[in-house]
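Colleague: Before I rely on the terms used for this chain, I would like to go through them one by one. Could you set each value beside its definition?

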Amino acid sequence: MQFARINDVTIHYQIIGAPADRPVIVFTNSLGTDFRIWRDVVVRLAGEFAIVLYDKRGHGLSDVGQLPSSIEDHATDLAGLLDLLSVKDAVICGLSVGGLIAQSLYHRRPDLVRALILCDTAHKIGTAESWNARIAAVEKNGIGSIVDAIMERWFTPAFRRPESTAYAGYCNMLTRQPVEGYVAACAAIRDADFTEVAKTIAVPTICIVGDQDGSTPPDLVLSTAKLISGARYEVIPNCAHIPCVEQPEALTTIIRAFLTSIPPGEVSP
């Protein structure tokens, strides 16, 4: 396992190398998960591209950090990690809150961003009322009290079959995140609005969504794509909010096709 001290926060990360002339893809994960959600995509891309995975603050093996925290704090963490690793001109693939972090990173440190893959995310996610209700429920009764409702957003009924051991495992992943980290991320999403930032994005961008996403529905993701000049838009069938788990092969195919279309850029050391 690899750890770095970034902005007084211990960040858990992993690097998978590739030939020096290959682009770097940075994966930033969704609310209530750690970077293991990307495994079935990473195994399909390893060797073709260099890969950086990390647990954002408050999730996985990373510190919660000072509270409250904002999406900008998360973006600063990611920038610090990439600076430490001497990674520049990277493709940032952000899922859900990870997509907000990707947009913020582009706004704050465009030198780090070669292209954006905005997966099941938007310029603004949810309402203050919905996030406040979730925060209140978790603070009162724990993350376990919202598992069923969240899983209905994360996965299709076909994936949520009682006999699915993978489904049980992802329920465990959610409930084992630190409560304070989860709540802090909920508040950060609540307070984030990247509508104006999205309009300024000038790097190759693709917006991807599962056709049954209950957290960032296709219409919302499409509205984000329309804000970004030249952005592509793809819908993955038979998929909800976490395509890297539910439809990794379809997601990988879209990512690979998008990456091969990006003009050559600076190669990170």
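**Aromatic pairs**

Modeller: Let us begin with the rings: a search of the whole structure finds five aromatic pairs, where rings of Phe, Tyr and Trp (its six-membered ring) pair if their centres lie within 6.5 Å, and planes under 30 degrees apart count as stacked, over 60 as edge-to-face and the rest as tilted. This is a predicted model, in which local features need pLDDT of at least 70 and side-chain atom pairs count only at pLDDT 80 or more, while totals for chains, interfaces and linings use all residues. Residues are numbered from 1 along each chain as its sequence is written, and side-chain values use heavy atoms, with hydrogens and water left out.

Colleague: Why is the aromatic pair of Phe-155 and Tyr-170 called tilted?

Modeller: The rings of Phe-155 and Tyr-170 are 5.8 Å apart, centre to centre, with 55° between the planes.

Colleague: How do you know whether Phe-155 and Tyr-170 are buried or exposed?

Modeller: Buried means under 20% relative accessible area, exposed over 50%, and partly exposed in between (1.4 Å probe, protein chains only). Phe-155 has a relative accessible area of 1% and Tyr-170 has 17%, so both count as buried.

Colleague: Which value decides how Leu-85 is classed?

Modeller: Leu-85 lies in the loop between helix H2 (71-84) and strand S5 (90-95), and its relative accessible area is 16%, so it is buried. Leaving aside its neighbours within four places in sequence, Leu-85 is in contact (heavy atoms within 4.5 Å) with Tyr-13, Ile-15 and Val-52.

Colleague: What makes the phi of Ser-86 worth a remark?

Modeller: Phi of Ser-86 is near 55°, which is a positive value in a residue other than glycine. Ser-86 sits in the loop between H2 and S5, and its relative accessibility of 37% falls between the two cut-offs, so Ser-86 counts as partly exposed. In that loop there is also Asp-89, whose phi is positive at about 55° although it is not a glycine; with a relative accessible area of 15%, Asp-89 is buried.

Colleague: How do you know that the bond from Leu-67 to Pro-68 is cis or trans?

Modeller: The omega of the peptide bond from Leu-67 to Pro-68 is near -5°, and the bond is cis. Pro-68 is placed in the loop between strand S4 (50-54) and H2.

**Helix H3**

Colleague: Why are Ser-104 and Gly-98 called buried?

Modeller: Ser-104 lies in helix H3 (residues 97-108) and has a relative accessible area of 1%, so it is buried. Gly-98, which lies in helix H3 as well, counts as buried because its relative accessibility is 0%. Setting aside neighbours within four places in sequence, Ser-104 is in contact with Ile-71, Glu-72, Ala-75 and Phe-194, and Gly-98 is in contact with Thr-28 and Asn-29.

**The whole chain**

Colleague: Why is the chain called as compact as a globular protein of its length?

Modeller: The chain has 11 helices and eight strands. Its radius of gyration is 17 Å, close to the 18 Å that the globule rule gives for 269 residues, so the chain is as compact as a globular protein of that length. The radius is taken over C-alpha atoms, and the rule is 2.2 Å times the number of residues to the power 0.38.

Colleague: What share of the residues counts as buried, and what share of the contacts joins residues at least 24 apart?

Modeller: Of the 269 residues of the chain, 55% count as buried. Among contacts between residues at least 6 apart in sequence, 76% join residues at least 24 apart.

Notes: Helices (H or I, at least four residues) and strands (E, at least two) are DSSP runs, numbered from the N terminus.
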